[in-house]
Amino acid sequence: MSVSSRRHAASGFPSPPRAWWSQRTPAAGAAVMATGIVSVGLRLTGYELLSRIWLAAACVFWLALAAEFAVRLLTDRPRWATEAQTPGALTSVAATTVLGERFVLLGWTTLAEALLALAAVLWPVLIVTVVRNWQPRMPGAVFLACVATQGLAVLAAVLAGALTTAWLAHAALVLFGLGLVLYGIALTRFDPRQVLEGPGDHWIAGGALAISALAGAKLLAADSARLYLWNDDDRGVLRFATVALLVLDLAWYVVLVVAEVVRPRLTYDTRRWATVFPLGMTAAATLSVAAAVDVPWLTDPGQALLWLAVGAWLAVAAGAVLSARDALRSTAPR
């Protein structure tokens, strides 16, 4: 530690890195969501090495944010309670489920089960607190209620197939339906002006539909000769709902892209991670739906969407690094 840093610490002020980190908002969890889903997409397209690199980054981000979550809960309860009322708090649930899904693809089902249990404990506390504080004309983060719920549905469905556990699939189906209800309610609270004015989290309006389509695809994929879950009528309804959700998601995708062209927002904002997540989730949903409903021609668009998500991730990551550098310089002792 330099002499100036020691003096800064001795004066009672936190070090510049700690001061910068303490300013993180709950919405920073979208970085884990974005990184984790890009890892999933790379795994689905066969890029295992790249997928594991992104997975490692997602794990580091998750551990750092989980530690901060615990520290604030134990040492700064008022701030934790205030932040728990914001939609961004639900990124903790969604990020945990995305990591769990990736671990299932690695065959690490025990770890995935632990993450599902953790997310299931956090979800009811946070969902009630967040929804209770919804207001009219909210930003795109309002859709995180749907995202967190569908994240649980996805992870439960994936584990149901991996572990041949029917009750998990049925629980996932209930969560799938609840997530759609929450999307409809959130849509009535969403401020449509955010499409042209939002700093990045407005993309969750489409990302919530993407993760809903992914949940439907995983519910279809969980059914097998070993685990008979759905009859023909059930499969027909699930198939229709899954395809319809993907179509609606892609329609939102086009609208949001056009809005970005018409009204460019090029300044870095932490909420831009909430743009990368829907991009990656749409790619993963397209690839998963292609397999679940046996529509192979969707694979190529899914792969193209994935590389757009990778490019967006790299751009936002570069912006985050530059923003952190500037923030650290501004908080450094003079």
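Predicted model: local features only at pLDDT ≥ 70, side-chain atom pairs only at ≥ 80, totals over all residues.
Local features need pLDDT of at least 70 and side-chain atom pairs count only at pLDDT 80 or more, while totals for chains, interfaces and linings use all residues. Residues are numbered from 1 along each chain as its sequence is written, and side-chain values use heavy atoms, with hydrogens and water left out.

Let's start inside. The largest nonpolar core has 111 residues; such a core is a set of buried Ala, Val, Leu, Ile, Met, Phe, Trp, Tyr and Cys residues joined through side-chain atoms within 4.5 Å. Buried here means under 20% relative accessible area, exposed over 50%, and partly exposed in between (1.4 Å probe, protein chains only). Phe143, Val147, Trp273 and Phe277 touch the most other members. Helix H8, residues 144-163, gives the most to this core, with 14 residues. (Helices are DSSP runs of H or I, at least four residues, numbered from the N terminus.) Take Phe143: setting aside neighbours within four places in sequence, its contacts (heavy atoms within 4.5 Å) are Tyr183, Ala186, Leu187, Phe190, Ile204, Ala205 and Ala208.

Tyr183 also turns up in a helix pair. Along H9, Leu173, Phe176, Leu180 and Tyr183 meet Leu238, Leu245 and Trp252 of H12. That contact divides into 7 nonpolar residues, no polar and no charged, where Ala, Val, Leu, Ile, Met, Phe, Trp, Tyr, Cys and Pro count as nonpolar, Asp, Glu, Lys and Arg as charged, and the others, Gly among them, as polar. H9 (residues 166-189) and H12 (residues 232-262) pack at an angle of about 35 degrees, with their axes 13 Å apart. Those axes are lines fitted to C-alpha atoms, for helices over the stretch in contact, and angles run from 0 to 180 degrees between N-to-C directions.

Stay on H12 for Thr242. Thr242 is buried, at 0% relative accessible area, and touches Ala213, Gly216, Ala217, Leu220 and Val289, not counting residues up to four places away in sequence.

Most residues other than glycine have a negative phi. Arg137, however, has a positive phi near 55 degrees; Arg137 sits in the loop between helix H7 (109-132) and H8 and is exposed, with a relative accessible area of 55%. Asp294 also has a positive phi near 55 degrees. Its place is the loop between helix H13 (273-292) and helix H14 (299-331), and Asp294 is exposed at 63%.

Key:
Helix = DSSP H or I, 4+ residues; strand = E, 2+ residues; numbered from the N terminus.
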